[in-house]
Each structure stands twice: as structure tokens, then as C-alpha cells.
Amino acid sequence: MAIKLNDKWYDESKFNAEIKNSIVQVNNYQKQVSNLKADLQNCQIIIAHHANYIKENVPASAEIDEPKAEETPKE
């Protein structure tokens with residue numbers, strides 16, 4: 001079977017097991033990177049949606065003055 005690597009064609013049957021394994025690893029991790037990028041984009045969309053929802057829906061009656069230093073809860 002022919003395979004294209006770095007803009008050149010190769011006969012895959014002439015590859016040793018280590019080269020074949022490396023090709024599989026590169027393909028797997030390229031797919032994983034693509035999936036992670038898609039997940040990151042989805043996370044950003046969800047964050048923006050919920051941040052906007054909070055901004056538009058937090059009740060004005062919940063607003064208070066900034067607590068004094070001694071009243072601020074410790075983390």
C-alpha cells in the first residue's frame with residue numbers, strides 16, 4: 001500500500017514495525033489534538049453563554065456594597 005509522507009510517496013510494505021508504529025502514533029495524536037481543539041471551542045462557547053446569562057439575569061436586588069476586609073470570606 002502506498003502512503004504519502006512529507007509530500008513524498010512510499011511503499012508501506014517496506015517499512016519496519018517501528019516506522020509503522022510511529023505513523024499510527026502520529027495519526028492518533030493528530031486526531032486527539034483536533035478533538036481537543038473542538039472541545040476547547042465548545043467550552044469557550046458554553047462559558048460565553050453562561051457568563052452572558054449571568055450578566056443579563058442576576059437580580060439587581062442581590063447587589064451589595066463591597067465587604068470590609070475582615071468580613072471577606074477566607075479561601
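**Note on a predicted β-β-α chain**

1. Surface. The chain exposes about 7500 Å², and carbon and sulfur atoms supply 55% of that area. This is a predicted model, and the values below are computed from its coordinates.

2. Confidence. The mean pLDDT of the chain is 93, and 93% of the residues reach 70 or more. Confidence is highest in helix 1 (residues 17–57), with a mean of 97. The lowest confidence is in strand 1 (residues 2–5), where the mean is 92.

3. Elements. The chain contains two strands and one helix. Along the sequence they follow the pattern β-β-α. A loop lies between strand 2 (8–11) and helix 1, and F15 is found in that loop.

4. Overall dimensions. How does the radius of gyration of the chain stand against that of a compact globule of 75 residues? The chain has 26 Å, whereas the globule would have a value near 11 Å. Taken along the principal axes, the C-alpha atoms fill a box of roughly 75 × 30 × 15 Å.

5. Burial. Of the 75 residues in the chain, 4% are buried. F15 counts as buried because its relative accessibility is 17%, and the cut-off for burial is under 20%. Y10 has 33% relative accessibility, so this residue counts as partly exposed, a class that runs between 20% and 50%.

6. Aromatic pair. The structure holds one aromatic pair. Its members are Y10 and F15, with ring centres 6.1 Å apart and ring planes at 50 degrees. Why is the pair called tilted? Planes under 30 degrees apart would count as stacked and those over 60 as edge-to-face, so the 50 degrees between Y10 and F15 makes the pair tilted. Both values are needed, since a pair of aromatic rings is described by the distance of the centres and the angle of the planes.

7. Charge. The chain has 12 negative and 9 positive side chains. The centres of the two sets lie 16 Å apart.

Key. Residues are numbered from 1 along each chain as its sequence is written. This is a predicted model: local features need pLDDT of at least 70, side-chain atom pairs count only at pLDDT 80 or more; totals for chains, interfaces and linings use all residues. Side-chain values use heavy atoms; hydrogens and water are left out. Helices (H or I, at least four residues) and strands (E, at least two) are DSSP runs, numbered from the N terminus. The radius of gyration is taken over C-alpha atoms; the globule rule is 2.2 Å times the number of residues to the power 0.38. Buried means under 20% relative accessible area, exposed over 50%, partly exposed in between (1.4 Å probe, protein chains only). Accessible areas come from the Shrake-Rupley method with a 1.4 Å probe; for residues, only the protein chains shown count as cover. Lys and Arg count as positive and Asp and Glu as negative; His and the chain ends are not counted. The place of a charge is taken as NZ of Lys, CZ of Arg, CG of Asp or CD of Glu. Rings of Phe, Tyr and Trp (its six-membered ring) pair if their centres lie within 6.5 Å; planes under 30 degrees apart count as stacked, over 60 as edge-to-face and the rest as tilted. pLDDT is the predictor's confidence in each residue, from 0 to 100.
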